[in-house]
Amino acid sequence: MYVDSSSTKGGSEADLIIKNPTGIQYEHALKFMFKTSNNEAEYEALNTGIKLCYIAGADLVQALSNSRLVVSQLNDAYEAKDDTMTTYVWQVWEATKLL
């Protein structure tokens, strides 16, 4: 699964690409109807992607992101310093328990 997001004054969005083991690729464009930062949009997309993989029957997901903060927080290299980021880290870890 590949995740990429952006946030501007006009809103937040993310691209989500999921490839299954046979190489079939599913592309999703996500538009968030609430204000988010780039990193929050990245977490929203990651969480959505994990849940979509679970619904599709996946038991293992490899996620790739270009957000250094998100990747580092999930790998325990960086500490989530505010409640919002702590909640996002927790939500992703909870979503992975579905797999």
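## Surface patches

A surface patch is made of residues with over 30% relative accessible area and no salt bridge, where like charges are joined within 9 Å and nonpolar side chains (Val, Leu, Ile, Met, Phe, Trp, Tyr) within 5 Å. The model described here is predicted: local features need pLDDT of at least 70, side-chain atom pairs count only at pLDDT 80 or more, and totals for chains, interfaces and linings use all residues. Residues are numbered from 1 along each chain as its sequence is written, and side-chain values use heavy atoms, with hydrogens and water left out.

A nonpolar surface patch is formed by Leu52, Tyr54, Ile55 and Leu98, which together have about 390 Å² of accessible area. Accessible areas come from the Shrake-Rupley method with a 1.4 Å probe, and for residues only the protein chains shown count as cover.

Strand β2 covers residues 11–19 and contains Asp15. Helices (H or I, at least four residues) and strands (E, at least two) are DSSP runs, numbered from the N terminus. Asp15 is partly exposed because its relative accessibility is 45%; the class lies between buried (under 20% relative accessible area) and exposed (over 50%), with a 1.4 Å probe and protein chains only.

Ser12 is also part of strand β2, but Ser12 is buried because its relative accessibility is 1%. The side chains of Ser12 and Ser7 make a polar contact at 3.0 Å. A polar contact is a pair of N or O atoms within 3.5 Å; within protein, one must be able to donate a hydrogen and the other to accept it, and residues adjacent in sequence count only if both atoms are side-chain atoms. Met33 lies 21 residues from Ser12 in sequence, with 7.6 Å between their C-alpha atoms. Met33 belongs to the loop between β3 (25–32) and α1, and it is exposed because its relative accessible area is 73%.

Leu30 is located in strand β3 and counts as buried because its relative accessibility is 18%. From Leu30 to Ser65 there are 35 residues in sequence and 15 Å in space, C-alpha to C-alpha.

Helix α1 (residues 38–55) includes Tyr54, a partly exposed residue with a relative accessible area of 40%. Lys51 is in helix α1 as well and is partly exposed, at 39% relative accessible area. The C-alpha atoms of Lys51 and Val70 are 18 Å apart, and the two residues are separated by 19 residues along the chain.

## A salt bridge

Side chains of opposite charge can pair when their charged atoms come close. A salt bridge is a side-chain nitrogen of Lys or Arg within 4 Å of a carboxyl oxygen of Asp or Glu. The count by this rule is one salt bridge. Lys97 and Glu94 form a salt bridge, with their closest N and O atoms 2.8 Å apart. Lys97 is exposed at 59% relative accessible area, whereas Glu94 is partly exposed at 29%.

## A positive phi angle

Most residues other than glycine have a negative phi. Asp76, a residue other than glycine, has a positive phi near 60°. Asp76 sits in the loop between α2 (68–74) and α3 (83–96) and is exposed because its relative accessibility is 68%.
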